[in-house]
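Grab a pencil and keep the viewer open.

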Amino acid sequence: MNLLYVDLFCGAGGVTTGISQVPGVHVVACVNHDADAIASHAANHPRTLHYTEDIRTLDTAPMVSRLETMRARYPWAKTVLWASCECTNFSRAKGGKPRDPDSRSLAEHLYRYIEALEPDYIQIENVTEFLEWGPLIEQDGQLMPDPDRKGDSMKDWTGNNRTLGATLGASSHTTEDRQREDYYATHPDMVRDLLNAGAPLRRRVWEPACGAGHIVNVLRERGHEVCATDIVDRGCPDSCVQDFLWEFDDGEIGDVDIMTNPPYATALEFVERALACVKDGDFSKTEGGAIAYAWFHWIKNHRRDCIIKWL
């Protein structure tokens with residue numbers, strides 16, 4: 001996962017549906033005041049946290065908690081705050097009709113989301129007249145844009161030090177200098193040692209964090225049919241880009257074993273997803289460092305004592 005989105009003014013889910021089709025993107029949470037819109041959104045995006053709420057009154061704490069969980073899981077991912085602010089009262093299409101100052105002020109409420117979520121990027125969808133956002137004046141008893149102060153509110157808004165601080169001073173939320181996506185390849189000799197020790201693998205094997213193919217290539221050398229996937233393309237032969245944690249259901253996948261060296265930050269999630277997918281089968285993964293390697297081999301429904309041995 002490379003981008004974590006929060007979708008404000010999400011409606012029925014047009015933006016979320018579009019960006020979710022990009023590999024490596026996940027919408028963590030969305031907000032809209034309309035219950036029907038949120039119901040539609042939830043039906044199409046069940047993994048997203050949904051709020052039927054006015055953005056001006058929403059308690060951001062649960063959203064921040066979910067986002068921090070995702071950041072810990074994907075420490076390399078960038079956070080994007082998307083806001084499709086209400087545009088009707090900015091658009092020229094409204095002609096000579098009066099403007100609603102409350103609607104035009106919704107963008108001002110983004111400050112507390114910026115402060116709470118600390119996004120790396122902020123994306124705002126609106127009509128081009130949004131750039132002319134300025135104060136309203138009374139004309140014939142109606143509130144209309146002041147033609148002499150076009151853009152004044154926009155300048156105040158973009159110049160606010162809270163906005164600039166969050167946009168330009170954002171961090172990557174990493175605590176260590178780690179490889180991108182926690183990519184630490186498994187030495188092929190480690191795979192051969194495991195197979196030589198008699199690890200019981202079916203003919204068909206799935207490697208969901210295939211990287212450049214260090215595990216995959218050895219398995220294919222030994223005659224296994226290997227399905228190779230990863231969240232990015234690192235050049236593994238005959239592989240495809242898919243997110244093991246988010247693009248697959250928990251349904252059983254049949255006569256297939258899973259063998260992988262998952263990212264350290266998501267090792268537990270990989271184990272849980274693999275055990276949910278494999279029917280009475282095996283799951284293997286590696287944890288590696290500069291000093292030592294260990295293989296952990298799960299056999300579902302195994303009831304005997306665990307065995308620890310050197311390869």
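**Exercise 1.** In which helix is R73 found? Work out its surroundings too.

*Solution.* Before starting, note that this is a predicted model, in which local features need pLDDT of at least 70, side-chain atom pairs count only at pLDDT 80 or more, and totals for chains, interfaces and linings use all residues. Residues are numbered from 1 along each chain as its sequence is written, and side-chain values use heavy atoms, with hydrogens and water left out.

- Step 1: R73 belongs to helix α3, residues 61–73. (Helices are DSSP runs of H or I with at least four residues, strands are runs of E with at least two, and both are numbered from the N terminus.)
- Step 2: R73 counts as buried because its relative accessibility is 18%. (Buried means under 20% relative accessible area, exposed over 50%, and partly exposed in between, using a 1.4 Å probe and protein chains only.)
- Step 3: Skip the neighbours within four places in sequence, and R73 is in contact with L245, W246, A265, T266 and E269. (Contact means heavy atoms within 4.5 Å.)
- Step 4: With E269, the R73 side chain makes a polar contact, side chain to side chain, at 3.3 Å. (That is a pair of N or O atoms within 3.5 Å; within protein, one must be able to donate a hydrogen and the other to accept it, and residues adjacent in sequence count only if both atoms are side-chain atoms.)

**Exercise 2.** Which residues touch the most other members of the largest nonpolar core?

*Solution.* 

- Step 1: A nonpolar core is a set of buried Ala, Val, Leu, Ile, Met, Phe, Trp, Tyr and Cys residues joined through side-chain atoms within 4.5 Å.
- Step 2: The largest one has 36 residues, and L8, M63, Y74 and Y113 touch the most other members.
- Step 3: Elements giving two or more residues to this core include β1 (3–8), α3 and α10 (267–277).
- Step 4: The biggest giver is α5, with four residues.
- Step 5: Apart from this core lies another, of 16 residues, with L194 and M259 among them.
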